Amino acid sequence: MPFGSDDLVDDIMRTAPHTIRVFLAFRLACVGCPIATFHTVEDACREHGVDRDKFLAALCDCVPA
């Protein structure tokens, strides 16, 4: 799995900008948020009431083969 629940949100979006569409689709307001540099995927999902496993699966599904 290329992404994990302990990965920082900002790191994911910077290294894999194609994942931004997944953050937006799950209505995670992380794009441009200054807290994204400190929040892990786990933190963001908990704060926004998003199922972490579904979100991680969607992130991984958007990775080009």
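What follows is a short chat about a predicted model and some of its helices, loops and side chains.

Reader: Let's start with Thr19. Where is Thr19 placed?

Author: Thr19 lies in the loop between α1, residues 9-15, and α2, residues 20-25. Keep in mind that this is a predicted model.

Reader: Is Thr19 buried or exposed?

Author: Thr19 is buried, because its relative accessibility is 0% and the cut-off for buried is under 20%.

Reader: Ok, and which backbone oxygen does the Thr19 side chain reach?

Author: That of Ala16, at 2.6 Å.

Reader: What is Thr19 in contact with, leaving aside neighbours within four places in sequence?

Author: Phe3, Ile12, Met13, Leu59 and Cys62.

Reader: Moving on to α1. Where's Val9, and is Val9 buried or exposed?

Author: Val9 is in helix α1. With 1% relative accessibility, Val9 counts as buried.

Reader: Which residues is Val9 in contact with, again skipping those within four places?

Author: Phe23, Cys30, Ala36, His39, Thr40, Val41 and Ala44.

Reader: How many residues apart are Val9 and Ala44 in sequence, and what's the gap in space?

Author: They are 35 residues apart in sequence, and their C-alpha atoms are 7.7 Å apart in space.

Reader: And Asp10? Buried or exposed?

Author: Asp10, also placed in helix α1, counts as buried at 14% relative accessibility. Beyond its neighbours within four places in sequence, Asp10 is in contact with Ala36 and Thr37. Ala36 is also on the contact list of Val9.

Reader: Switching to α3. Which of its residues are buried?

Author: Val41, Asp43, Ala44 and Cys45.

Reader: What covers the buried residues of α3?

Author: The cover includes α1 and α4.

Reader: At what angle do the axes of α3 and α4 cross?

Author: Roughly 125 degrees, with the axes of α3 (residues 41-48) and α4 (residues 52-61) coming within 10 Å.

Reader: So why do you call α3 and α4 oblique to each other?

Author: Roughly perpendicular covers 65 to 115 degrees and roughly antiparallel starts over 145. The crossing is at roughly 125 degrees, and the two helices are therefore oblique.

Reader: Is the crossing of α3 and α4 left-handed or right-handed?

Author: Right-handed.

Reader: Back in α3, is Arg46 buried or exposed?

Author: Arg46, which is found in helix α3, is exposed, with a relative accessible area of 52%.

Reader: Which side chain does Arg46 join in a polar contact?

Author: The side chain of Asp43, at 2.8 Å.

Reader: What follows α3?

Author: Gly49, with a positive phi near 65 degrees.

Reader: Which residue other than glycine has a positive phi?

Author: Arg27 is one, with phi near 60 degrees. Arg27 sits in the loop between α2 and α3.

Reader: Last one: is Arg27 buried or exposed?

Author: Exposed, because its relative accessible area is 73% and the cut-off for exposed is over 50%.

Key. Residues numbered from 1 in each chain as written. Predicted model: local features only at pLDDT ≥ 70, side-chain atom pairs only at ≥ 80, totals over all residues. Heavy atoms only, no water. Helix = DSSP H or I, 4+ residues; strand = E, 2+ residues; numbered from the N terminus. Buried < 20%, exposed > 50% of the residue type's maximum accessible area, 1.4 Å probe, protein only. Polar contact = N/O pair within 3.5 Å; in protein donor to acceptor, adjacent residues only side chain to side chain. Contact = heavy atoms within 4.5 Å. Axes fitted to C-alpha atoms, helices over the stretch in contact; angles between N-to-C directions. Parallel < 35°, antiparallel > 145°, perpendicular 65-115°, else oblique. Left-handed = near helix turned anticlockwise from the far one by under 90°.
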